[in-house]
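Here are a few exercises to work through with the model open beside you. Try each task before reading its solution.

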Amino acid sequence: MTGYHSPDNWENDYARRGRIWAGAMYQHIPLDDGKRVLELGCGNGKTCNALLEKKCQVVGIDFSSSAVHLCRSHMPKNAKGHFAIADVCNLPFYDASFDAVTAFHVIGHILAEGRNRCAREAARVLRPGGTLYFSDFSTYDFRAGIGVEIELQTFSRKNGIGTHYFSEDEVSALFHLLVPRELQTRYWTMKVRGQLLHRAEISASFTKKI
């Protein structure tokens with residue numbers, strides 16, 4: 001799995017902390033019933049469950065066996081979901097296999113070479129007219145610059161997990177094989193121990209030409 005930041009650290013995190021993320025899925029995904037969707041980095045199943053509620057046929061992959069186990073164990077009864085351990089930089093699927101691909105806070109945890117491979121693979125498995133949905137942290141996020149810089153705008157923190165912080169131009173260039181539909185930076189604040197912290201996330205969608 002060339003291009004990843006310390007996969008063992010993710011495995012340890014999931015095994016120790018279980019369902020790390022909660023809350024609702026922010027990005028709206030306008031998909032009809034029955035659409036086949038691939039989620040890159042399914043994590044603890046937060047996004048997959050939201051897609052399954054839309055009656056989509058979801059395939060979720062992650063390189064963490066603990067994450068895949070969490071997704072399977074929390075999948076709604078009778079839902080059309082499948083989860084597997086796989087590499088987002090080398091997808092084990094045929095060309096044009098999916099109506100949509102989601103990449104929410106996963107590509108930012110891959111090194112530069114891997115990010116480019118992942119973007120090419122996502123474009124490859126999309127059907128013509130299909131849509132890729134992306135979100136990851138922006139360079140304007142308060143955590144950008146914190147930790148050890150292991151690549152340009154990529155920082156490793158105490159838990160050994162690296163995070164890349166994107167610019168909008170970088171996201172556009174990353175998915176150059178697809179046609180941009182929407183790209184924006186979302187800003188919000190959160191208070192931790194009385195301190196106001198500024199968050200920033202880039203959300204985008206791209207379509208494959210017909």
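**Exercise 1: strand 1 and its partners**

Strand 1 and strand 2 run parallel, joined by five bridges. This is a predicted model, where local features need pLDDT of at least 70 and side-chain atom pairs count only at pLDDT 80 or more, while totals for chains, interfaces and linings use all residues. Residues are numbered from 1 along each chain as its sequence is written, and side-chain values use heavy atoms, with hydrogens and water left out.

Task: find which residue stands opposite Glu39 in strand 2, then work out which residue of strand 4 is the bridge partner of Val37.

Solution. Helices (H or I, at least four residues) and strands (E, at least two) are DSSP runs, numbered from the N terminus. Two strands pair if DSSP finds at least two bridges between them.
- Step 1: look across from Glu39 and you land on Gly60 in strand 2.
- Step 2: strand 1 also pairs with strand 4, in the parallel sense, over three bridges. There, Val37 has Ala100 as its bridge partner.
- Step 3: check the surroundings. Four of the five residues of strand 1 are buried (under 20% relative accessible area; exposed is over 50%, partly exposed in between; 1.4 Å probe, protein chains only), so strand 1 is largely enclosed by the rest of the structure.

**Exercise 2: helix 2**

Task: which residues of helix 2 are buried, and what covers them?

Solution. 
- Step 1: helix 2 spans residues 46-53, and six of its eight residues are buried. They are Thr47, Cys48, Asn49, Ala50, Leu51 and Leu52.
- Step 2: the cover includes strand 1 (36-40), strand 2 (57-62), strand 3 (81-85) and strand 4 (98-104), with contact meaning heavy atoms within 4.5 Å.
- Step 3: follow the chain. Strand 1, helix 2 and strand 2 make a right-handed β-α-β unit: with the strands pointing away from you, the path from the first strand over the helix to the second runs clockwise.

**Exercise 3: the cysteines**

Solution. 
- Step 1: a disulfide needs a pair of cysteine sulfur atoms within 2.5 Å.
- Step 2: the closest cysteine sulfur to that of Cys48 belongs to Cys71, 5.1 Å away, which is too far for a bond.
- Step 3: Cys118 is in no disulfide either, its nearest cysteine sulfur being that of Cys89 at 5.3 Å. A search of the whole structure turns up zero disulfides.

**Exercise 4: salt bridges**

Task: find the salt-bridge partner of Asp95, then see what Arg199 pairs with.

Solution. Count a salt bridge when a side-chain nitrogen of Lys or Arg is within 4 Å of a carboxyl oxygen of Asp or Glu. The whole structure has six.
- Step 1: Asp95 pairs with Arg124, with the closest N and O atoms 2.7 Å apart. Asp95 sits in the loop between strand 3 and strand 4 and Arg124 in helix 4 (residues 112-125), so the pair ties together parts that are 29 residues apart in sequence.
- Step 2: Arg199 meets Asp141 at 2.8 Å, N to O. Arg199 lies in strand 10 (residues 195-207) and Asp141 in the loop between strand 5 (126-137) and strand 6, so this pair ties together parts that are 58 residues apart in sequence.
- Step 3: Arg199 and Asp141 are both buried.
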